[in-house]
Amino acid sequence: MKFRARLVMEELPQMIRVLQALERTADRVIVLHLPDAESSDVRFVVRQDMAGAASAYAAVGRQAVFADYRIQSKNGNNIGLELEAANLIRTLKSAAEAQDVTVRLSKKDVEVLTFEFHTAMGAVTQAVPARVLSAAQLSECRPPTVQAAPGFMLPFAVLRYLCSKADKMRMLDGCMRLEAHLAEICDLEMTVENAAVSMVCTLDSLARADASRVELRNDGPKSLSAAVETRQLSRALFGYHAIGGQPGAHMLACSCYLTDTCVRFTFPLETCAGSLQYYIPILLE
């Protein structure tokens, strides 16, 4: 099993922001899926560690983040690595000032992802311990299959506001109810309540998600509702951090879909030709 590549330094800040967003969802560990040399995407995954937990999947263009990419394994030249999110972020931050960074899979007492920084002062090496996943374990790190559903768009400025609001609302109760009215112009209502108080956050004049427009013409306006864990929603909304460093971030928006089984958020990662997706399970009422 072999892997070696150079980091594309221009995309390193964006990669760090994506990992910081994922770290909010992960308790500690994320999975790095290094694909065969013919595949287009490298994936970072936060798996469901228990029933009812949220999951997250970031796909970034392989050529956008890696150059001189070489990989070999018995699993169709795919490698899955389980890494401590904090260790990986800390190492990439250290690499940000380097002129060039080479990364390779090495084996010491355990498997490690070794980063070699080339600077004006010489070479510096840092290693991030890793656990190699079996082919079966890696195959489980795929986004869930969900039924198509109508959705709406949340602009970047709204996302920052919602993330802050959800942080406050989760102090009142662990369950939040979402009510969405979907037409050409959409509305969203978020409600948290307990025995003493009720807090409601209402957003209107939201654009319809592009993928929903054909369904809208066929079926007309819709009203959808779902209950989710407030903490998981708050963590998913922090995905705005991943798109904040991109040029023209204020023009970007996240799409949100309320399906039968989950609430799905998709954040565009345009500079590295990818996306960040969160799947929050719906609570049974």
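Predicted model: local features only at pLDDT ≥ 70, side-chain atom pairs only at ≥ 80, totals over all residues.
Figure 1. A water-sized probe, rolled over the atoms, shows where empty space is left. By the rule used here, the model holds 2 cavities of 30 Å³ or more. The largest cavity contains about 90 Å³ of space. Which residues line the largest cavity? They are F3, L7, M15, L19, L32, F44, F66, L88, L92, V103, L113 and F115. The lining counts 12 nonpolar residues, no polar ones and no charged ones. Strands β1 (2–7) and β8 (111–119) each supply at least two of the lining residues, and so do helices α1 (12–25) and α3 (85–95).

**Figure 2. Helix α1 is mostly covered.** Of its 14 residues, 10 are buried. Those buried are L12, Q14, M15, I16, V18, L19, Q20, A21, L22 and T25. How far apart are the end C-alpha atoms of α1? They are 21 Å apart. At 1.5 Å a residue, the 14 residues should span 20 Å, so the two values agree.

**Figure 3. The second largest cavity also has a lining of nonpolar residues.** Its volume is about 50 Å³. The lining divides into 9 nonpolar residues, with no polar and no charged ones. These residues are F152, L154, L162, L178, L188, M190, L233, C256 and F265. Strands β10 (151–155) and β12 (185–193) are the elements that give two or more residues to this lining.

**Figure 4. Helix α7 is mostly covered.** Of its 8 residues, 6 are buried. The buried ones are T230, Q232, L233, S234, A236 and L237. One of them, L233, is among the residues that line the second largest cavity.

**Figure 5. T230 is a buried residue of helix α7.** T230 sits in this helix, which covers residues 230–237. Is T230 buried or exposed? Its relative accessible area is 0%, so T230 counts as buried. A polar atom of the T230 side chain lies 3.3 Å from the backbone nitrogen of M176. M176 is also in the list of residues in contact with T230, once neighbours within four places in sequence are left aside.

**Figure 6. T259 lies in a loop between two strands.** The loop runs between β15 (253–258) and β16 (262–269). T259 counts as buried because its relative accessibility is 8%, and the cut-off for buried is under 20%. Which backbone atoms does the side chain of T259 reach? The side chain reaches the backbone nitrogen of T261 at 3.2 Å. The side chain of T259 also reaches the backbone oxygen of C262, at 2.8 Å. Leaving aside neighbours within four places in sequence, T259 is in contact with V146, Q147, A149 and I282.

Methods. Residues numbered from 1 in each chain as written. Heavy atoms only, no water. 1 Å grid on protein atoms, 1.4 Å probe; cavity = no way out; pocket = protein on both sides within 12 Å on 5 of 7 lines; lining within 4 Å. Points joined across faces, edges and corners; volume = space filled by probe spheres on them. Helix = DSSP H or I, 4+ residues; strand = E, 2+ residues; numbered from the N terminus. Nonpolar A, V, L, I, M, F, W, Y, C, P; charged D, E, K, R; others polar. Buried < 20%, exposed > 50% of the residue type's maximum accessible area, 1.4 Å probe, protein only. Polar contact = N/O pair within 3.5 Å; in protein donor to acceptor, adjacent residues only side chain to side chain. Contact = heavy atoms within 4.5 Å. Expected span 1.5 Å × (residues − 1).
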